[in-house]
Amino acid sequence: MKAWLKPLFGDGYADVELRGLLLPVGLGDAPFDSYPEEFRLQLDERHARLFLDGNTLYVVDLNSATGTLHNGQAVGLDPVAVAAGDVLCFGKDLCFEAALAPAEERAEESAGSLGASSDESERTQILAPSTRPRLLLLPVRSGKGLNPIAVSVFPFLVSKSTGHFAVYVQQFASESNFVSRRHAHIYAKGADLFIEDLGSTNGTLLNGRRLDGSAEQLNTDDTLQFGHELFSFKVVLESVPVEDGSSAATRRTVPEGTILVSKAASFLDVYCDKPEDEESAEEGRPPAAEQSHIERFKSVFGSLRDTSIAAWEQLPLSRELRLGLVALVAVLLLGGLAAWLLADDRMATVTELLEEQQYEPALRLVEGYLAENPEDEAAQRLADDALTGFVVPVWSQAMLSGDYQAAEEVLSTAQSLAPSQGDEGVLPLLHWLGDLQRYTSERDAAASIQLSEGDHPMGVLLERWEAHSDDNLRLLEELARAHPVFEPVRTDALSQLRALKSDASVLLDAMTAVRDQVLQPLDPQTGAAALTALDSLQRDYPRVGGVADWRADVRAYLRLKAAYAANSLRDYMRERQAASFSTEYFAELVASELPALDELQALASDYALADRQWQAGELAAALEILEKLAQGPWGQEAQNLLVARRQLRAEFLRLPDLYQTADYQSSLLEFYTRIDPQRDKFMFDALQSDFSNEQEFAEQRVSELYAAAEEIWQEYQTGGGISGALRLESEISQRYREQAGRLTEAHSKLQDAAQILGLLGSVPSGTVNALNAAVVSEAERQRAAIEDLSAVLGSAAVDDKTALLPAPAKESK
C-alpha cells in the first residue's frame, strides 16, 4: 500500500509521500522544513506522525501547540485511521488531502517535493529485495548482566513494560525506573534506521546528546542511552541477505547470548497514548509472625470460652441438661478442630509446593480440597496460582512458536485438572487469546476479512472480550508480571485487539447486513437485490473477501430455481451437475428445496431413449415417447422438444417435394446447416449426398455471408464501436442497442459462413480469418469491459448489456 498527501494550501507544492511506513511531521522534517516561514512556523518540532499499519493509514498528534485536524475534528494522542480523500490539517493552514493506492498503482514517484534535497532522496531509497538492515545493540557496560540485542524487523519499541527491556525490571528494579513505558523507537526509512524519543521522562541520549524533537539517523559506532546509564549501547549497522533471516542463521553471526528480535512492534503500540503508572514503594512494615496450630486454637478457644460463659450463666437449665449440652458441644468442637487442622495441613502443603514451583501436584491437591470445600476463598486463590504457574509458561511457548494445536491441548489438560475454574479467570482468557491469534493469522494469510455465514468471528471475539474487559486487562497485566514469557503474547494481543475493534467499527455492520440479505431463499427480484448488495460491498469495502464466491453461489442457485420453475429437465440436470457451492447455506437450501439428480434418473432415461430413436431414424417412436413425457412431471420441456422435432420432421419430409424447384437449393442449405450432425444424425446422413451436389451454391452463399459481415463490421467501426460512455450508461440507450446489434449480426453471419465451410471441408482465406478474429476479439473485449463495471452498474445491468453482445465462444453454435 502507498500513501501520500496532496497539498491544499497553494499551487506549486509537490505531493508528500510516505517513503516506507512512517512520515514524521515537524518543523525540521523534510519536506516541511523547506516550506515558507508562514507555513513552517505553524508546526512544532514534533508535531504529528503518519504511519501505515497493514493497509490502513493512521495519524496521531504529538501534543502539538497548534494541533492536528482530521476532517475538521481534533486528533488526540491516540492514532486515528485515515481514509482516501480525508483532509488533514497541521496547524491552521497546512492542509492536505490523503491519498491511498496499492503499491503497483503508484508506480511513478511524486516529482520533487518543494525543498527536498538529493541527500534526502538518497537516504530514503528502499533496499533491494535481496538485503535488509539489521541493528546490533552492544552493551557498553559489559559484565553488568545485559545481553546484546539483534533487531532485524522494525519498528523496535524500547519499553520497560513490554518487549525485550521488560525482562530487566526485576533484575535491575532501580535502574529500570528510568526507562518509560513508551521510551523510544527505532524505525527503518529505506536502507537507513532512525531513532525517535517518545517524550520519555528521562530522555534518550545519542552520543551523549539528549534527543529533542525530530528523529535522527543512526550510524555505526553511535552510542545510545535509554534513561539510566546502565542501558547504554553501542550501535552496529549491517545489511544482511534476506535468506539469512532465520534464527539459526542470525545466531551464527552475532555474539553468544544475543537476544534476537524477530517480530516488529506496531506503530499503533508506539504512538498509542498510555500514561505512565505512578509507582509507589511498599510500606516497610514486617509481615505478621505466623502462629502455630495450637496457638491459633488457644486464641480461638479462649475467645469462645469467655463469650460462652456469660451466656451459659443466663440459661435457666437443670444440672443434668447442662452436662448433656457440654458433652455435645465438646464432640462438635473436637470434630471441627480435627477438620480444621487437616485442612490447614493440606493448604500448607500446597503453599510449599507452590514455593518449589511444583505446580501440577499443588493444583491436584488444592482442587481435591476445593471439591470438599468449594466456598473456601483462600484455597481458590491458591488454586488460581497453581493453575497459572502450571499452564501459562507452557501455553505461551506454544503460542510464540505458532503451535496452536499444542496450546489448545495444554488448556484442555489444565481444564481437566482444575474443575473449580468457572467462566472467568485465566483459562477462559487464554482460550480467547488463542482464538484471537488464530483469527488474526487466518485473516493475514488470506490478506482479507472473509464473509461469514454465521455471527462473524470479529463480533464474537469482541463480545467475549467486552463481557469481562476490565478483569481481562487486569489479568493480562498480572500474568505478564508473573511470567515474562507471557509478555510478548500480551503485547501482540492488545495490538490485535485494537486492529479488531478498528476493523469491526468499519466492516461488521456492513457485512452483517449483506449476510442477512443474501443468505435467504431468493426469487428473481430478491436475488437481483442480493447481487447488487454484494457488488456494493465489494466496491465500498475492498478488504472484504469471499464476495466472488457468494456471488457465484447466488447465481447458481437462481439458475437452478429458474430451470426448476420452467420445468426444463435437461437445463436443471445440467445446472445441478455443474453446481458447486462455497456456502453451506446454499448447499443445504438446494438439497432441501430442489430434487436431487438420482430422483430424476428415470425421466432422464426416457429422454435418452427418445434421443437414440430420433438419431436412428425412428422418428415416430421418438415423438411418441415425447408425447407421453409431455403429460407428466417436467412435461413443459418435453412439449417444447416435441414441437421442435415435429417441425424438423415436417421440413425433412417436405424437401423431396421441392426437388427441381427454385427453392430447393436455399431450403436444403438452410435446413442442412441448422440440424446437428450428432443429435439429428439420421437426417444429416440422409441429406449429405444432396448437399455435396450443391457445393457451388453453398460456396456462393459463403461469399455472400462474408460480404454482408464485412459491410456490417465497417458500419460498426464507422459508428465508433461501443465507447466507454455507452458502457457506463445505467440504462441501455438506443445507440448501444444499434452498435451491439451490428456487432452481433456480423458475428452471426461469420459463424454461419464458417459452419457451411466446415460442412464443405473447406478452409477460409486469410482475409476472412482476419475479419473473424477482429470481430471475435472486439466482442470479447466489450464483454470483459462491461463485466468489469459490475461494481458500478450492478449485476442486473451488466447481465442486460452483455446479453445484447455476441455469445462467448463456448456458448456459440
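Me: Buried means under 20% relative accessible area, exposed over 50%, and partly exposed in between (1.4 Å probe, protein chains only). So where does Asn71 fall, buried, exposed or partly exposed?

Reply: Asn71 has 41% relative accessibility, so it counts as partly exposed. Keep in mind that this is a predicted model, where local features need pLDDT of at least 70, side-chain atom pairs count only at pLDDT 80 or more, and totals for chains, interfaces and linings use all residues. Residues are numbered from 1 along each chain as its sequence is written, and side-chain values use heavy atoms, with hydrogens and water left out.

Me: OK. What is phi of Asn71 near?

Reply: Near 55°, which is a positive value, and Asn71 is not a glycine. Most residues other than glycine have a negative phi.

Me: And where is Asn71 placed?

Reply: In the loop between β6 (68-70) and β7 (73-74). Helices (H or I, at least four residues) and strands (E, at least two) are DSSP runs, numbered from the N terminus.

Me: Switching to prolines. Which residue is joined to Pro31 by a cis peptide bond?

Reply: Ala30, and omega of that bond is about 0°. Pro31 belongs to the loop between β3 (22-25) and α1 (37-40).

Me: How about the peptide bond from Phe154 to Pro155, cis or trans?

Reply: Cis, with omega near 10°. Pro155 is in the loop between β12 and β13. For background, most peptide bonds are trans.

Me: What is the order of strands in the open sheet of seven?

Reply: β17-β16-β19-β20-β11-β12-β21, with mixed pairing. β17 (209-210) and β21 (259-261) stand at the edges with a single partner strand each, so one side of each has no neighbour in the sheet. Two strands pair if DSSP finds at least two bridges between them.

Me: How many bridges join β11 to β12?

Reply: Three, between β11 (residues 131-139) and β12 (residues 149-151), and the two strands run antiparallel.

Me: Now β14. How many of the residues of β14 are buried?

Reply: Five of the six residues of β14 (residues 184-189) are buried, so this strand is largely enclosed by the rest of the structure.

Me: Which strand do three bridges join to β14?

Reply: β13 (residues 156-158), running antiparallel to β14. His185 in β14 is the bridge partner of Leu157. β14 is also joined by six bridges to β15 (residues 192-197), again antiparallel. There, Lys189 has Asp192 of β15 as its bridge partner.

Me: How many residues are between β14 and β15 in the hairpin?

Reply: Two, and Gly190 in that turn has a positive phi of about 65°.

Me: Last one, a helix. Which residues of α23 are buried?

Reply: In α23 (residues 664-674), the buried ones are Tyr664, Leu668, Leu669, Phe671, Tyr672 and Thr673.

Me: What covers the buried residues of α23?

Reply: The cover includes α22 (635-658), α24 (681-693), α25 (695-718) and α27 (734-760), where contact means heavy atoms within 4.5 Å.
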